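Visitor: I'd like to learn how to read a structure like this one, feature by feature. Can you walk me through it?

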Amino acid sequence: MERNGRVEGKVVLITGVAKTNSIGFSTARVFGEEGALLAIVDISPKVHACADELRKEGFTVSSHTSDLTKMDEVQAAVAAAVTCHGRIDVLVNNAGMVIEGMEEDFTDFAHMSEKDWDFGIAINLKTQFNVTRTVIGGMIERGYGRIVNVSSVTGPVVANPEEAVYCAAKAGVLGMTRGVALDVARHGITVNAVGPGWINTGSTTEGERAGAENTPLGRAATPAEVGKLICFLGSDDASYITGQLVVIDGGNTIQEYKGPSELYY
Ligand SMILES: NC(=O)c1ccc[n+]([C@@H]2O[C@H](COP(=O)([O-])OP(=O)(O)OC[C@H]3O[C@@H](n4cnc5c(N)ncnc54)[C@H](O)[C@@H]3O)[C@@H](O)[C@H]2O)c1
């Protein structure tokens, strides 16, 4: 069967893919289904098992381990991906929030250490600077690129208790998105951010599940729903969209009433 996907033949580098029930993995699958060649990167060696899963589905995939907070490791991973596929057309900066196998750290601001702060900024914001800075030169040379940064509604739009550093970093992702979008606009490169709300991944907590039930749509999103949005922004169908935050939250941040839906509508 002849394929003609949205991103046919494009090389897509996706960071933060170490488990199958995640935004990164689902995004990789959607890009694969739409015809892309995949390079996936994570600090966790589980990235290689994810690549095996994606290969079983028929996709061309390379996998690379890298601590994306470290520029030298980022440069090595990107160089390895370019050796495998020749170039990078689309970058999805998805890594962040938590390192696979570790617990997410929630800290009240009055007790937050400088180390906690630096770590939160490093995994959520510096990772995206490091990868974007490494990839963008090649995109400028070729006059083509799509960059999609995974932000959140948490930070740019709303906030949660004990998540000040995550909020700051994810709001920083949006600021960086806008700034870079202007710097590269005349080079055929678009840069956008997505702002997921409650997403049903392997790391969803009971509290998050309850929050999702009280959204206007009454449920969390699937990771695939986020992947489809990322793939759209990474495709030529989104060629005139740049510097934007696209929120995908089931209407959660536009509703004034936050209580149980059965008491109101
Ligand atoms: N799950 C949600 O509800 C939700 C909502 C809004 C935004 N997000 C964002 O979506 C993205 C993916 O989240 P997910 O829920 O799929 O979780 P996830 O834990 O599956 O994905 C994050 C991945 O990033 C990797 N990572 C973290 N630090 C890294 C580093 N220094 N170097 C390399 N890899 C590193 C982790 O190992 C992990 O595999 C994150 O940026 C998160 O902030 C998630």
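Visitor: Leaving aside neighbours within four places in sequence, which residues is Thr107 in contact with?

Guide: Contacts like these tell you what the fold brings together beyond the local chain. Keep in mind that this is a predicted model. Setting aside residues within four places in sequence, Thr107 touches Met112, Asp116 and Glu162. Thr107 itself sits in the loop between β4 and α4.

Visitor: Is Thr107 buried, exposed or partly exposed, and why?

Guide: You count C-beta neighbours for that. Thr107 is partly exposed because it has 16 C-beta neighbours inside 10 Å, and 20 or more would be needed for buried. For a sense of distance, Thr107 and Trp117 are 10 residues apart in sequence, with their C-alpha atoms 9.7 Å apart.

Visitor: Asp116 was one of those partners. Where is Asp116 found, and which residues is it in contact with?

Guide: Asp116 belongs to helix α4. Beyond its neighbours within four places in sequence, Asp116 contacts Asp105, Thr107 and Val165. Asp116 and Asp105 are 11 residues apart along the chain, and 8.3 Å separates their C-alpha atoms. Asp116 also counts as partly exposed, with 15 C-beta neighbours inside 10 Å.

Visitor: And the other partner, Glu162? What is its phi?

Guide: Glu162 has a positive phi of about 60 degrees although it is not a glycine. Glu162 lies in the loop between β5 (145-150) and α5. Its 13 C-beta neighbours inside 10 Å make Glu162 partly exposed.

Visitor: What is phi for Met97?

Guide: Near 70 degrees, which is again positive in a residue other than glycine. Met97 is in the loop between β4 (90-93) and α4. Met97 is partly exposed, with 19 other C-beta atoms within 10 Å, while the cut-off for buried is 20.

Visitor: On to helix packing. At what angle do the axes of α4 and α5 cross?

Guide: For a helix pair, you look at the angle, the axis distance, the handedness and the residues that meet. The axes of α4 and α5 (residues 164-184) cross at roughly 15 degrees and come within 9 Å. Angles under 35 degrees count as roughly parallel, so α4 and α5 are roughly parallel to each other. Their crossing is right-handed.

Visitor: Which residues of α4 and α5 meet?

Guide: There is a general idea to start with. An α-helix has 3.6 residues a turn, so residues three or four places apart point the same way. Here the α4 side includes Trp117, Gly120, Ile121, Asn124, Leu125 and Gln128. Those on the α5 side include Val165, Ala169, Val173, Met176 and Val180. By class, the contact of α4 with α5 has 13 nonpolar, five polar and two charged residues.

Visitor: How is α3 oriented to α4?

Guide: Helix α3 (residues 71-85) and α4 pack at about 45 degrees, with axes 9 Å apart. That makes α3 oblique to α4. Their crossing is right-handed. Met71, Val74, Gln75 and Val78 in α3 meet Asn130, Val131, Thr134 and Val135 in α4. The contact of α3 with α4 has five nonpolar residues, three polar and no charged ones.

Visitor: How many of the residues of α1 are buried?

Guide: Counting buried residues shows how enclosed a helix is. In α1, 10 of the 11 residues are buried, so α1 is largely enclosed by the rest of the structure. Among them are Phe25, Arg29 and Phe31. Helix α1 packs against α7 (residues 223-233) at about 55 degrees, with axes 8 Å apart, and the two are therefore oblique to each other.

Visitor: Last one: which residues around the ligand are the closest?

Guide: The closest are Gly16, Ala18, Ser22, Gly96 and Glu100, in a shell of 29 residues. Two helices, α1 (23-33) and α4 (114-142), each supply at least two residues of that shell. By class, the shell divides into 13 nonpolar, 12 polar and four charged residues.

Key. Residues numbered from 1 in each chain as written. Predicted model: local features only at pLDDT ≥ 70, side-chain atom pairs only at ≥ 80, totals over all residues. Near = placed C-beta within 6 Å. Helix = DSSP H or I, 4+ residues; strand = E, 2+ residues; numbered from the N terminus. Nonpolar A, V, L, I, M, F, W, Y, C, P; charged D, E, K, R; others polar. Axes fitted to C-alpha atoms, helices over the stretch in contact; angles between N-to-C directions. Parallel < 35°, antiparallel > 145°, perpendicular 65-115°, else oblique. Left-handed = near helix turned anticlockwise from the far one by under 90°. Contact = placed C-beta atoms within 7 Å. Buried ≥ 20, exposed ≤ 12 C-beta atoms within 10 Å, placed from the backbone.
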